[in-house]
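User: Could you take a close look at one part of this model for me, the strands and what packs around them? I'd enjoy a connected walk-through with the numbers left in.

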Amino acid sequence: MKQLLILLLGLLLLSGAAYAHGGEDHGDGAKASTPAGATSFSVAALSEQFEVLLRYEPLEGGKPADLRLFLSDYATNAPIKGAKLTLTNPEDANLKWAVTEKEPGVYLVEGQFPANKAYSFAANIVAGDKADLMLLEGIKVGEKLPVAAEVAHADGSLFSSWKTILALVGAFVLGIGLTALLMRRRRPEPVLQTSEQALTASRRTPIA
């Protein structure tokens, strides 16, 4: 019985390992900066003065672009209101951007990217007695959110869960079969009496 329990435990451990292995990612490529299921893209920059986060929905070249810029103090993380922001693009110095503060620390950036490619913002920030020039790189115009990648991952997870269930069911059925086989082997076999034992037993039986 001890050997049977060890075997069942080993099967369960193998099933758990198969489930964990099914969720691993063996790709050697770089991870996407935007997770599947996200509703917007974002890029960030830090300096000794400020923290800047730029968030935007998918952009198309040649169409109006609206972006949200979040500005906060690096030391305290407090939102900075009333800052003067001037944005330029190293890729195209002729692009113009209007910056409007919507609420403390949140600024609306409006303009237009001419083409579907990667752009950068050089942000000249002046807030009170603090000033800095920061670079926001990796604004990918024309890129779509990774919805398709999310669906493919969900399908793979579902398939992996079915494989795990089948493995557990198989281990359970195998355990029942081994238990039944072990019990059959341990049934006491009928004791065959020798002729001498039978004669001794008949002599001890009183005659009516």
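**The hairpin and its surroundings**

Strands S1 and S2 are paired in the antiparallel sense, with six bridges between them. Happy to walk you through it, and please keep in mind that this is a predicted model. The two strands make a hairpin, with three residues between S1 and S2. As a reminder, strands of a sheet pair through backbone hydrogen bonds, either parallel or antiparallel.

Now look at the two faces of S1. In a regular strand the side chains alternate between the two faces of the sheet.

Serine 47 sits in the loop between strand S1 (41-46) and strand S2 (50-56). Is serine 47 buried or exposed? Its relative accessible area is 16%, and the cut-off for buried is under 20%, so serine 47 counts as buried. The side chain of serine 47 makes a polar contact of 2.7 Å with the side chain of aspartate 132. Leaving aside neighbours within four places in sequence, serine 47 is in contact with Tyr74, Asp132 and Met134.

Serine 72 belongs to strand S3 (residues 64-73), and at 11% relative accessibility serine 72 counts as buried. Residues up to four places away in sequence aside, serine 72 touches Gln49, Phe50, Glu51, Asn77, Ala78, Pro79 and Ile80. For one of these, phenylalanine 50, the C-alpha atom lies 5.8 Å from that of serine 72, although 22 residues separate the two along the chain.

**The three-stranded sheet**

Strands S4, S7 and S8 form an open sheet of three strands in the order S4-S7-S8, with antiparallel pairing. S4 and strand S8 (130-140) stand at the edges with a single partner strand each, so one side of each has no neighbour in the sheet. From one strand to the next, the twist averages 20°. S4 and S7 run antiparallel and are joined by five bridges; threonine 86, for example, has asparagine 124 in S7 as its bridge partner.

**The aromatic cluster**

There are five aromatic pairs in the model. In one of them, tryptophan 97 and phenylalanine 113 are 4.7 Å apart centre to centre with 50° between the planes, a tilted arrangement. Where do these two residues lie along the chain? Tryptophan 97 is in the loop between strand S4 (84-88) and strand S5 (98-103), while phenylalanine 113 is in the loop between strand S6 (106-112) and strand S7 (118-127), so the pair ties together parts that are 16 residues apart in sequence. Both tryptophan 97 and phenylalanine 113 are buried.

Phenylalanine 113 also pairs with phenylalanine 121: the ring centres are 6.0 Å apart and the planes stand at 40°, so this pair is tilted. Phenylalanine 113 has 0% relative accessibility, so it counts as buried. Phenylalanine 121 is buried too, with a relative accessible area of 0%. Together, Trp97, Phe113, Tyr119 and Phe121 form one aromatic cluster.

**The wider setting**

To place these parts in the whole chain, the secondary structure comes to three helices and eight strands, and from the N terminus on the elements run α-β-β-β-β-β-β-β-β-α-α. Of the 208 residues, 23% are buried. Among contacts between residues at least 6 apart in sequence, 58% join residues at least 24 apart. The accessible surface comes to about 14,800 Å², with 59% of it belonging to carbon and sulfur atoms.

Notes
Residues numbered from 1 in each chain as written. Predicted model: local features only at pLDDT ≥ 70, side-chain atom pairs only at ≥ 80, totals over all residues. Heavy atoms only, no water. Phe/Tyr/Trp six-rings, centres within 6.5 Å; stacked < 30°, edge-to-face > 60°. Helix = DSSP H or I, 4+ residues; strand = E, 2+ residues; numbered from the N terminus. Buried < 20%, exposed > 50% of the residue type's maximum accessible area, 1.4 Å probe, protein only. Contact = heavy atoms within 4.5 Å. Areas by Shrake-Rupley, 256 points an atom, 1.4 Å probe, with all protein chains shown as cover. Polar contact = N/O pair within 3.5 Å; in protein donor to acceptor, adjacent residues only side chain to side chain. Pairing = 2+ DSSP bridges. Axes fitted to C-alpha atoms, helices over the stretch in contact; angles between N-to-C directions.
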